[in-house]
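Hi there,

Here is the structure I promised to pass on. Have a look at it first, and my notes on its side-chain contacts follow below.

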Amino acid sequence: MIEEEKMSQKQMKEAFVSNHNGTSVLEVTQGLCLPAFCILCRGLLIILSQYLCSSHTWRTRLFIDFVFLIVPLVATLTILSSFVLLEHLAVIILGAGLFYQIYCRRTYYARIPVQKILEKFLKISLESEYVPAISCFRVINSAFTAVAILAVDFPLFPRRFAKTELYGTGAMDFGVGGFIFGTAMVCPEVRRKYAEEGSRFYYLTKSLYSVWPLVFLGIGRLVIIKSIGYQEHLTEYGVHWNFFFTLMVVKLITSLLLIIFPLNKSWIVAISIIVLYQLALDFTPLKRLILYGTDGSGTRIGLLNANREGIISTLGYVAIHMAGVQTGSYMFKKRSHVKDWIKVTYCILLTAISLFISLYIVQVNVEVVSRRMANLAFCIWIVASSLILLSSLLVGDIILSFAKFLTKGAIVPCSWKPVQPSATSKKHSESLVSEAERKEASLCLITAMNRNQLVFFLLSNITTGLINLMVDTLHSSTLWALIVLNLYMFTNCLIIFVLHLQDKTIKFW
């Protein structure tokens with residue numbers, strides 16, 4: 001009797017997350033851009049608060065980061081899902097108010113007209129140990145995924161945001177593609193990690209060695225899911241396949257490709273792979289194989305049939321990874337002046353708009369977006385959405401840099417440091433990170449999550465599983481669901497934050 005109840009509960013949960021058609025591309029894009037503006041408001045609030053008190057405790061900083069980064073995501077994916085434009089308006093008004101207060105209290109250029117201030121700002125340099133927009137991109141995607149994988153099991157999560165069954169754009173469909181794109185932007189090839197270490201064979205050996213944790217995690221997840229009878233969305237990856245196996249295969253294939261092809265030609269490789277893959281879907285039995293198996297009746301007998309979605313869709317994710325590599329290599333080019341970064345923002349935004357136009361043409365004339373197949377339209381959508389988020393973050397970073405430029409001693413973790421183009425400033429900037437900045441950087445949830453991203457992802461998966469085993473999510477009230485979601489996210493964020501405070505980076509290789 002208990003076994004029957006467990007089975008029916010499992011079937012109910014599987015049915016609850018299956019057979020959905022998604023929402024519009026515009027709604028997903030609006031939801032993606034909101035965290036970028038929230039991060040800007042968080043930075044402006046930190047600058048303004050430094051007028052009132054010289055420093056914050058780690059508890060205060062964690063609270064500020066959680067309220068500005070996590071709470072809006074939870075609200076957008078649940079109770080405020082139909083009011084995203086109003087959320088944007090509220091955040092823009094808050095940001096404008098904070099910026100106005102900073103401008104009125106500015107300690108630099110107090111008696112100089114705005115035009116002259118802007119001229120001086122455009123001449124300064126922006127320095128950082130990394131590109132803040134890329135770190136924020138990765139963290140937003142991680143936080144979004146963490147919220148969504150649990151929220152989807154509650155009735156208050158809009159079904160249009162869930163993963164689509166065959167065609168369509170659900171908010172959750174962006175998660176996997178965005179994760180791969182974000183990982184590609186900071187992969188060892190982009191950071192030239194092995195550039196000085198010798199031969200291509202050495203690089204390939206290091207790449208092969210780095211995938212073993214993904215094999216371990218993939219097998220571990222498979223064993224646990226099957227042993228406890230946890231609910232599964234079969235048409236997502238298949239019977240045995242999961243996201244860790246996709247990451248592993250993508251890592252292996254792209255490592256080989258980047259040995260053969262130059263880094264700056266990654267976009268050509270990406271386009272070639274996805275166009276050939278789409279041609280194979282249209283003119284060979286490949287699409288029929290993905291949808292119905294080798295016998296045409298949906299069989300799951302044999303390794304390929306059992307995992308056909310996961311195995312074949314890997315080609316689309318390889319193309320997304322190569323597009324991410326191209327973007328990362330462009331972003332990491334040596335540049336420092338504000339004017340240079342404005343040009344970068346303009347180029348990325350223009351590319352994103354061009355891709356959205358291409359997406360419309362492809363969906364009308366070729367095939368609509370399908371996460372299940374990771375087809376041409378899906379890959380264009382993922383890259384375009386990633387670039388629009390990246391450009392939003394860059395705009396926010398430039399505005400935040402201007403606010404810091406007006407304020408003496410303003411320190412905001414995970415942001416650029418404005419440096420005056422003078423000899424004295426250059427000498428001062430040789431040690432990029434001062435003691436005060438180092439202390440401020442340690443009080444940052446964004447830095448903490450970026451530092452241990454895989455640990456945060458694993459932690460989110462484990463706690464999601466535990467909550468699903470302990471809580472009847474299907475029949476939870478709106479209030480109870482919100483309490484559970486916020487506690488779940490706060491617990492995960494607190495653990496990652498404490499690891500960062502202890503200066504711990506957990507790596508599996």
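The charged end of Arg-335 is placed over the ring of Tyr-330, 5.0 Å from the ring's centre. Another contact of this kind involves Arg-106, which lies over the face of Tyr-103 at 4.0 Å from the ring centre. Please keep in mind that this is a predicted model.

On to the salt bridges: searching the whole structure turns up nine of them. In one, the side chains of Lys-287 and Glu-367 meet, with 2.8 Å from N to O. Lys-287 belongs to helix α13 (residues 286–292), while Glu-367 is in the loop between α16 (338–365) and α17 (376–405), so this pair ties together parts that are 80 residues apart in sequence. Are the two partners buried or exposed? Lys-287 counts as partly exposed at 21% relative accessibility, whereas Glu-367, at 6%, counts as buried.

Arg-300 and Glu-309 form another salt bridge, and their closest N and O atoms are 2.8 Å apart. Here Glu-309 is buried, at 0% relative accessibility, and Arg-300 is partly exposed, with a relative accessible area of 22%.

Arg-451 also has a salt-bridge partner, Asp-503, with the closest N and O atoms 2.6 Å apart. This pair links distant parts of the chain, 52 residues apart: Arg-451 is in helix α20 (residues 445–451) and Asp-503 in the segment after α22 (478–501). Arg-451 is partly exposed, with a relative accessible area of 24%, and Asp-503 is exposed, at 57%. There is also a network in which salt bridges with shared partners join Asp-282, Lys-287 and Glu-367.

Now for the rings. How many aromatic pairs does the structure hold? There are 18 aromatic pairs. Among them is the stacked pair of Phe-99 and Phe-402, at 5.9 Å centre to centre and with 25° between the planes. Phe-99 sits in helix α4 (residues 84–104) and Phe-402 in helix α17, so the pair links distant parts of the chain, 303 residues apart. Phe-99 is partly exposed, with a relative accessible area of 22%, but Phe-402 is buried, at 10%.

Phe-137 and Phe-181 make a tilted pair, because their ring centres are 6.0 Å apart and their planes are at 55°. Phe-137 is in helix α6 (residues 132–151) and Phe-181 in helix α7 (residues 171–185), so the two tie together parts that are 44 residues apart in sequence. Both Phe-137 and Phe-181 are buried.

Finally, ring pairs link Phe-99, Phe-121, Phe-402 and Phe-405 into a cluster.

Best wishes

Note on methods: Residues are numbered from 1 along each chain as its sequence is written. This is a predicted model: local features need pLDDT of at least 70, side-chain atom pairs count only at pLDDT 80 or more; totals for chains, interfaces and linings use all residues. Side-chain values use heavy atoms; hydrogens and water are left out. A salt bridge is a side-chain nitrogen of Lys or Arg within 4 Å of a carboxyl oxygen of Asp or Glu. Helices (H or I, at least four residues) and strands (E, at least two) are DSSP runs, numbered from the N terminus. Buried means under 20% relative accessible area, exposed over 50%, partly exposed in between (1.4 Å probe, protein chains only). Rings of Phe, Tyr and Trp (its six-membered ring) pair if their centres lie within 6.5 Å; planes under 30 degrees apart count as stacked, over 60 as edge-to-face and the rest as tilted. A charge sits over a ring if NZ of Lys or CZ of Arg is within 6 Å of the ring centre and within 35 degrees of the ring normal.
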